[in-house]
Amino acid sequence: DEALHAAALAVSGAYGESAFAELVRYLATLLHVEVAFVAHHDPDAEPDMRMMAMVCDGQSVPQGHYALETSPCARVLGQGFIAIATGLRAQFPDDHNARVTGMDSYAGYPLFDRQGRALGTLGVASRRPLANLVRIESMLQIFAVRAGAELEQLRALEALHQSAASYRAIFESAEDAILIHDWDTGEVIDANPKAC
């Protein structure tokens, strides 16, 4: 209980990408597993999963991508909790991460946005068989709410940046002069190259 309370306080104070790092660090500690991760999936951009944060043997792992189709996350994404108490590599022989790290067990929970759209997965893995799957599912469910909210916010920020970049490109390349001014002061705030 003390560890969960400490984790809740630490994670509640983190935002953005640091929130993902805190989530996986505390999740691995609380569940006594070697690996914990948050992965994002955007089927419009790529078929693979993008690792937002991962801890392996107490160390942060750099962000990267992994194949969804060959991993147990394919059974979790957009669906529900799954636990493979032992025999992970036998069930997923083409899962590169499980093979390289020597993981024997896995548990994953789906991440959704507020409209119920799949965002990614939150998972843990261990070289030992997983025990107390009810507790693991409960912890993943609790942490998944925060991870899903952070992924949704990150996706919204990325869309906003893309929209701003598109606007700027149109503004800069317009063949007409465009001046933006403050209505109250008359001050020119921006001007495109044609106006200059």
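**Aromatic pairs**

Three aromatic pairs occur in the structure, a pair being two rings of Phe, Tyr or Trp (its six-membered ring) whose centres lie within 6.5 Å, with planes under 30 degrees apart counted as stacked, over 60 as edge-to-face and the rest as tilted. Phe81 and Tyr109 make a tilted pair, with 6.4 Å centre to centre and 45 degrees between the planes. Phe81 belongs to the loop between α3 (73-76) and β5, and Tyr109 to strand β6, so the pair ties together parts 28 residues apart in sequence.

Phe81 is partly exposed at 24% relative accessibility, whereas Tyr109 is buried at 16%; buried means under 20% relative accessible area, exposed over 50% and partly exposed in between (1.4 Å probe, protein chains only). Phe37, Tyr66 and Tyr106 form one aromatic cluster.

**Model and confidence**

This is a predicted model, in which local features need pLDDT of at least 70 and side-chain atom pairs count only at pLDDT 80 or more, while totals for chains, interfaces and linings use all residues. Residues are numbered from 1 along each chain as its sequence is written, and side-chain values use heavy atoms, leaving out hydrogens and water.

The protein chain has a mean pLDDT (the predictor's confidence in each residue, from 0 to 100) of 86, and 90% of its residues reach 70 or more.

Technical notes: Helix = DSSP H or I, 4+ residues; strand = E, 2+ residues; numbered from the N terminus.
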